[in-house]
Amino acid sequence: PAQLPVIFVSAIYSDEYHHHLGDEAGAVEFSSKPLIPEILISKVKVLIELYKQRSKLEQTIDQLDMANAKLRRLNNEKDRFIGLAAHDLRNPLGNIYGLSEIILTLGTKIGQQGQQEMIHDIYKQSEYMMALIEDLLDVSQIESGALNLHKEPVNIACYLEGLVRHHNQQSQTTKGSHVLMGNVPDLVVELDPVRLRQVIDTIVGYSVKYSPPGRSTR
């Protein structure tokens, strides 16, 4: 093997020049006769120990390279999760801000029932934000590089009606627009309500944001 230690033994040459040639040829040792067996054996033992230590060092370096690669991957996943969370947190935070502003500026003009509905919506938005933040703090998701799904039975029609009502209220307040829902079958589906909401909020939010004022989004 290329890493096999080689000792040159010569009964003729003992000068520095031939020692130098042996070094250039890749030998780790050049010995001339007469040999002292104890010294030669000691040198061989030292060379074997050095070889073992070098092998361990190379294994340690390989392990460190693998650990560094894993850390880089986890760091990239962390940045991706933070980016997703920051994007998704904008929607509920903006909704809380907008609803709070309406309550503060309009006050009694929107009526007690209207205020209660907005306060309830603020509570639901805060609850949604807490779920997103808990996901952000879930290290296992970053390590696996995948989002965990928490499925539960959800009536899809009721679920979408709640989201549409919320987006419609926000779009009417900010742009005089309307968010409408078409016919949805009354079915119970196993899904992750938080993940589905992230998708719907993004799609509807962009639709309202980049549509002219007064338009309807269905």
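How many salt bridges does the structure hold? There are 2 salt bridges, a salt bridge being a side-chain nitrogen of Lys or Arg within 4 Å of a carboxyl oxygen of Asp or Glu. Before we visit them, a word on the model. It is a predicted one, where local features need pLDDT of at least 70, side-chain atom pairs count only at pLDDT 80 or more, and totals for chains, interfaces and linings use all residues. Residues are numbered from 1 along each chain as its sequence is written, and side-chain values use heavy atoms, with hydrogens and water left out.

On confidence, the protein chain has a mean pLDDT of 79, with 91% of its residues at 70 or more; pLDDT is the predictor's confidence in each residue, from 0 to 100. Helix α4 (residues 139-144) has the lowest confidence, a mean of 61, while strand β3 (residues 152-155) has the highest, at 92.

Now for the overall layout. The protein chain has 6 helices and 6 strands, taken as DSSP runs (helices H or I, at least four residues; strands E, at least two) numbered from the N terminus. Along the principal axes, the C-alpha trace spans about 110 × 35 × 25 Å. The radius of gyration is 36 Å, whereas a compact globule of 218 residues would be near 17 Å; that radius is taken over C-alpha atoms, and the globule rule is 2.2 Å times the number of residues to the power 0.38. Of the 218 residues, 26% count as buried (buried is under 20% relative accessible area, exposed over 50%, partly exposed in between, with a 1.4 Å probe and protein chains only).

Back to the salt bridges. Glu-127 and Lys-124 pair up at 3.0 Å, N to O. They sit 3 residues apart in helix α3 (residues 111-136), so about one helical turn separates them. Glu-127 counts as partly exposed because its relative accessibility is 38%, and Lys-124 is partly exposed too, at 36%.

The other pair is Asp-201 with Arg-197, whose closest N and O atoms are 3.1 Å apart. These two are 4 residues apart in helix α6, so again the separation is about one helical turn. Both Asp-201 and Arg-197 are buried.

Asp-192 is buried yet has no salt bridge, and the nearest side chain of opposite charge, Arg-195, is 4.1 Å away (Lys and Arg count as positive, Asp and Glu as negative; His and the chain ends are not counted). Leaving aside neighbours within four places in sequence, Asp-192 is in contact (heavy atoms within 4.5 Å) with Asn-148, Leu-149, His-150 and Lys-151.
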